[in-house]
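Let's learn to read a protein structure together, one feature at a time. Have a look at the model first, then we'll talk.

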Amino acid sequence: MSTFRETLIAKAINEQDDILTPYLALVDRYDAAFLTKKLAPFSNKIKSTILTDAFNKPNSFERNRHVLDTTNKLYKLLPKKLAHLFFCFDDDINNIAKECANYCRQIAINPEKVNYLYYQAKNKQRNDSELERIVSHEFRSSKITDSENNSENSAVFRSANTEISGEFTDAKQKALFDFLSNYAIKFGVSPIEPKNNIKISGCIKRYIDNRWWLRKFRKLITQANEKAALHLNFVNRKREIYASNITTQNRITQRQRNDELLSSTYILNEQGQRYSLKEISDLNVSNPKIRKDELLCRARGFEDLAKELGHEALFITVTCPSKYHRAFSKSGAANPKWEGFMPDEANSYLNHQWQKARAEFKRQNIAPYGFRVAEPQHDGTPHWHMLFFIEGEKLDALKAIIRHYALEVDGDEKGAAENRCDFKQIDPNKGSATGYILKYIAKNIDGEGVGEDKFGNDSLLVAQRIDAWASCWCIRQFQQIGGASVSVWRELRRLHSMFKDKKDSLLEQARFAADNSDWKGYILAMGGLHTKLKDRPIRLHYDLNIVEETGECLQSYYDGELILKVKGLWFAGKAIITRHYSWRVEKA
């Protein structure tokens, strides 16, 4: 009977599957059942790719082995409960996040279910029948004696605002937490660990919040999509460059949704000023143009300082060993040396080698300054571009150290010596160092003014794909090496009045430089290039975030901890306040 039912299900699936049906007609019923079982959960694009490769094999054994091996790899990328979400859209991720949060919420606000979880944990050594008898008896007693106060005194969450009730025992709260943690594990989500300032009550509040689930699922599913695309060799110059189409599309959708949310959300202060979050976002480094201009301003400041000090400019490119590369750059064909490493693992490798290089720099008293840019190669494998300024007499030592660690892993493989790292010393008579790094900064932010990349793709579209790549793999694209804090620089730009007192002359020097976009002058005012953070004359000032109307200290949403926020600057033992207003958020 079960075989007959499975046959009917397979037939129903296959009749609606335009991708699978033509292939099933070429095989016997046993192979057809095998192909249906293995490929049914996947999208048509994945099915088509696997089947095309499989039916190019010389015999049925190798064909089925290819299907089995490939699907097993893909099944490992997502847990069974999420397997149907391969190559899904962002709306699907939002829906599953809401479903999980609603399920957890329904458990948490139901006193009978929470009581059952508590007794189940307490009596887990007893047999099932005895457990059911005890629990049902407890439920009946609870309903008789506490019928009027049941919802108020016995719920872990008040249904109106889902706040943790202090009247529930820690043991019952712990039982609920353990159950929700096990529920999260089924979806491949790492359970929250109560530690430091994270309380069990805060953990439960996270589990019932769809925003928490959305963050977890978006990262999990997006990375699984990219891993599947890499395993199937979708991401290369011939097909979907830098990032898969589905990840790029989902990132664009996410940004559009964020823009709509920002446009419909407003902040107000006690003076009656009201702005949309979109207006505020467009005025800071969230705006790609401002972000790009600030990076170029800082790079130009480093270059001006280097010229004044007589330092050399060096442009460096470092790439990963071949085992990190999925596809060949010319043909897009699969690289047989690839060992399954993903872009985030490749970036971790580069970062690890850089840490060792920095340690050697410190031992040899070498202190370069400048910028590092991480960008994807055609198959998503990251490589680093670095613009460094350094004393001329230390240039060769710096090159030797970077080359040593770039070739430390598989340095004897073919082409490693020529391609693993590249050095270009910049001649100021032929062009500026900032101009050299300009295209890499623009390409990785908005693509404006770049034209086409080296593969002939429009730079505006390339920038979208690179943004999706960086977001998916959580890769930091830009990093300043050396120099003073950019956060202090941004805070100084909030100050527009001059400091006329002589004892504040250094503060005024830094404020004037920041207000006039003079990165070189700012660094000099902050003590120079290599002064330690604790020895810088100006630092950020943090204080409690207090609502002036009520005098209430704002607390963190989940755990109720007091929040410290940047309020201004700390100079010469006193605080200079740059943020004078308290703001509250309201929806349109």
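Q: What do the buried residues of α22 pack against?
A: First, the idea: helices (H or I, at least four residues) and strands (E, at least two) are DSSP runs, numbered from the N terminus. Buried means under 20% relative accessible area, exposed over 50%, and partly exposed in between (1.4 Å probe, protein chains only). Here, the buried residues of α22 pack against α21 (486-492), α23 (519-525), β8 (538-544), β11 (564-571) and β12 (574-577). A contact means heavy atoms within 4.5 Å.

Q: Which residues of α22 are buried?
A: Helix α22 covers residues 505-515, and its buried residues are Leu507, Glu508, Ala510, Arg511, Ala513 and Ala514. Keep in mind that this is a predicted model, where local features need pLDDT of at least 70, side-chain atom pairs count only at pLDDT 80 or more, and totals for chains, interfaces and linings use all residues. Residues are numbered from 1 along each chain as its sequence is written, and side-chain values use heavy atoms, with hydrogens and water left out.

Q: What is the strand order in the open sheet of three strands?
A: Two strands pair if DSSP finds at least two bridges between them. In this sheet the order is β8-β11-β12, with antiparallel pairing. Because β8 and β12 sit at the edges with a single partner strand each, one side of each has no neighbour in the sheet. Zooming in, β8 and β11 pair over seven bridges, and Leu544 stands opposite Leu564 in β11.

Q: How far apart are the closest N and O atoms in the salt bridge of Glu294 with Arg298?
A: Side chains of opposite charge can pair when their charged atoms come close. The rule for a salt bridge is a side-chain nitrogen of Lys or Arg within 4 Å of a carboxyl oxygen of Asp or Glu. For Glu294 and Arg298, the closest N and O atoms are 3.3 Å apart. Both lie in helix α15 (residues 288-309), four residues apart, about one turn of the helix. Glu294 and Arg298 are both buried.
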